[in-house]
Amino acid sequence: MVLFNHAANQLFPIEIFKGGNMFKKTLIVFILIVSFVVTAEEDKGRITAEEIIKTATETLNPEQSKAVVEMTIITSGGEERTFVYKSYSKKSGEKSLMKYLEPGRVKNQSVLMLNNADDIWMYFPRTNRVRKLATHAKRQKVQGGDFSYEDLGSSNEFIEDYNSVLIGEEEKEGKLCYKLELTAKEDSNAGYSRLIVWVEKENYVPVSIKYFHEKDRELLEKELILRDVKTVDGIPTPMEMTMYNRLDDTKTSMRFKELNYDVDLPDNLFTEMGMKR
Amino acid sequence: MRVRTFFLTFVMGGILAISDLTAEELDIFGYFEPQYMLLYREGDSYQLNSNKIRVDLQSYVSNVEFGADLIYNLYYGKRSWNMLDFFPAGISDEIPPEMRSYFRYTFNDTLYLDNVYVRMSNSRIACTFGKQQISPGTGYFSNPVDVFNLKDVLDPTYEQTGHNGARLDVMLSGRTKMMFFYSPIAGAWKGSGKLIRFKAGLGHFDFTLTGYEFRDELTDVYSLLVKNERRRLLGFEFVGELLGLGVWGEGAYNLMEISDDFYEFLVGTDYTFESGFYFLLEYHRNERGKTNYEDYNINDWLRFYLGETKTICRDQMYGMLRYPLTDLMNLQLMTVFSVSDGSAAFVPVIDYNIFQNVDLSIMGNIYTGSEGKVYNSELGNGVIIRGRVYF
């Protein structure tokens, strides 16, 4: 009871009750109580930025997946290069393996990424050599395209490396979206200073992401557009992603040629031996 | 011709031995590589050119993989060379005229199976039999623990030929692995190569221990004999990162049956900047090498050119700078510097992916040392233009 009185005093400043008639006092108390209850109900229905990012990350990174991906790079000079690779992922993207099928110059090369791409190994079949790459290699372009290894292999970076704030709702690419700003945490290895992310309200699939330069918060470096959402094994999935490099005027598209989530991948696929098989 | 027929029969026999393969199960790919090499030396220019074709065959039937690649090299231009022309004058003068022909070398057209193997594997164990790639070591320019391959420090990533043997790989856990390799190169078990490797991952590092016993060969000009003795190599490798830099290293201690034991090690680091600019630096010490270039003798030079020793000098540094000029073109500068004698070689390289399956590389060789040193300017300066068309 003492506690209750203390709380009431905090909520309703005591000056209100000094002087005036009883009716006024009752009316003010009533209005305050009603607004308190309505606000609490609204808060209950409002989703937080962290929840949106978490759900979007989970939607984009199902527990397991197996895919064949076609990656097309278009250079600033308009030249086009196409790569096809098999992709496997497990533990919601914590482990991933890419094996190149085409073109001939990279055929059978593979890239293993563990711990959300904190550890990367590359396999070169012509020498049967497996080489571990350091973290700085995460920034390297995958086959000269606009995706870095960090972009492809890090499934939890939005949660681990960035603080997120919901800054509004707006239409993007013809879809009603949550608009969020993600700012790099001070102690993280994030490759960008901040991100603006649009997540479709209906299904929590990201529609677009703007990546701002690591050193300049206002310099737009890349923009990712995700299109053609289809339901695969019950999960809404953008079947095509295009990364535009706004500094170099290049773009790289990735399209799923095959995709399955309902798979049971063995752990030893994500090992040195798995890279070679 | 008989050799060629034998090889082709062997390859096809290997394919058919696995099962009744359909066209879909047998993958055929490879490349055609024309190469032009120009050398400017002592006021004259020379050229040695080649056309190489590599055809890879690969088939997977259940847990069995068959792989082979056939290489045909056609040479033209100046095909005959004398190794003595590349020795310092004071050294080559020691060779009596009647022996000079022993140092002649001709690039003959060759057809050979670079690799041919069958691999049977399940989720934890893989057995590989045949001629196969073995590439131990974490170094980029050189590998003290690798006694199978001889890297050209001026072209270190060029593919190496396979090695005959039986290999067993056992995955003990996600990042822990054992490897055994038996190479029956001698007529008996005693002289053949026996390799064991243990690899484990710890944090952001991979560590490997190596033990290898084999017969070591050293040519001796004075006795005109190839000395042969047992060599036991104990090796250690690591690769990982420290303070954001990539770091690696490898060391080998060699226990020799007759001659003096020796050690060799290499340490390296690399980093990629935001702009894509990449640098790599390695330091290499080979106790078999000499600290004073005036002590290099004819045996040292010969063993160096034959690949019996990795370096002629004791300490070397390697460096590489690479910058992506465009998404399809890289500019690179490699350098090899002999700390022991102060000579250096520079290799500027342009790599360009002209079309989807066509690469072009232009490499220069510039030697700066004075006569008698390992990278002396008397070796001449050159350019290699190499195209590669993949199919």
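This is a predicted model: local features need pLDDT of at least 70, side-chain atom pairs count only at pLDDT 80 or more; totals for chains, interfaces and linings use all residues.
Residues are numbered from 1 along each chain as its sequence is written, chains are lettered from A and ligands numbered from 1 in the order in which they are written, and side-chain values use heavy atoms, with hydrogens and water left out.

A pair of aromatic rings is described by the distance of the centres and the angle of the planes. Rings of Phe, Tyr and Trp (its six-membered ring) pair if their centres lie within 6.5 Å; planes under 30 degrees apart count as stacked, over 60 as edge-to-face and the rest as tilted. By this rule the count is 30 aromatic pairs over all chains. One of them is formed by Trp81(B) and Phe86(B), a tilted pair with 6.0 Å from centre to centre and 45 degrees between the planes. Both Trp81(B) and Phe86(B) are buried, where buried means under 20% relative accessible area, exposed over 50% and partly exposed in between (1.4 Å probe, protein chains only). The pair of Phe205(B) and Phe238(B) is also tilted, because the ring centres are 6.4 Å apart and the planes stand at 40 degrees. This pair links distant parts of the chain: Phe205(B) belongs to strand S11 (residues 205–220) of chain B and Phe238(B) to strand S12 (residues 225–242) of chain B, 33 residues apart. Helices (H or I, at least four residues) and strands (E, at least two) are DSSP runs, numbered from the N terminus. Phe238(B) has 22% relative accessibility and therefore counts as partly exposed. In chain B, ring pairs also link Phe87(B), Phe103(B), Tyr296(B), Trp301(B), Phe304(B) and Tyr305(B) into a cluster.

Charged side chains also lie over rings. A charge sits over a ring if NZ of Lys or CZ of Arg is within 6 Å of the ring centre and within 35 degrees of the ring normal. The charged end of Arg131(A) sits over the ring of Trp248(B), 4.7 Å from its centre. Within chain B, the charged end of Lys194(B) sits over the ring of Trp189(B), 4.6 Å from its centre.

Two strands pair if DSSP finds at least two bridges between them. Strand S16 (residues 315–324) of chain B runs antiparallel to strand S17 (residues 329–338) of chain B, and nine bridges join them. Leu321(B) has Leu333(B) in S17(B) as its bridge partner, and a hairpin of four residues joins S16(B) to S17(B). S17(B) pairs in the antiparallel sense with strand S18 (residues 344–355) of chain B, again over nine bridges. Here Gln332(B) stands opposite Val349(B) in S18(B). Five residues lie between S17(B) and S18(B) in their hairpin, and Gly342(B) in the turn has a positive phi of about 80 degrees.

Rolling a probe the size of a water molecule over the atoms shows where empty space is left. On a 1 Å grid over the protein atoms alone, a cavity is a set of points where a 1.4 Å probe fits but cannot get out, and lining residues have an atom within 4 Å of a point. The count comes to three cavities of 30 Å³ or more. The largest cavity holds about 770 Å³ of space, a volume being the space filled by probe spheres set on the points. Its lining has 38 residues, of which Leu60(A), Asn61(A), Asp151(A), Leu152(A) and Met241(A) lie nearest the centre. Strand S12 (residues 235–245) of chain A gives the largest share of this lining, five residues. The second largest cavity holds about 340 Å³ and is lined by 23 residues, with Val130(A), Glu272(A), Ser135(B), Arg197(B) and Lys199(B) nearest its centre.

Some backbone features complete the description. The peptide bond from Glu102(A) to Pro103(A) is cis, with omega near 0 degrees, and Pro103(A) is found in the loop between strand S3 (95–102) and strand S4 (110–114) of chain A. Asp228(A), in strand S11 (residues 220–232) of chain A, has a positive phi near 55 degrees. Leu243(B) has a positive phi of about 50 degrees although it is not a glycine. At 87% relative accessibility, Leu243(B) counts as exposed.

Note on methods: On a 1 Å grid over the protein atoms alone, a cavity is a set of points where a 1.4 Å probe fits but cannot get out, and a pocket is an open set with protein on both sides within 12 Å along at least five of seven lines; lining residues have an atom within 4 Å of a point.
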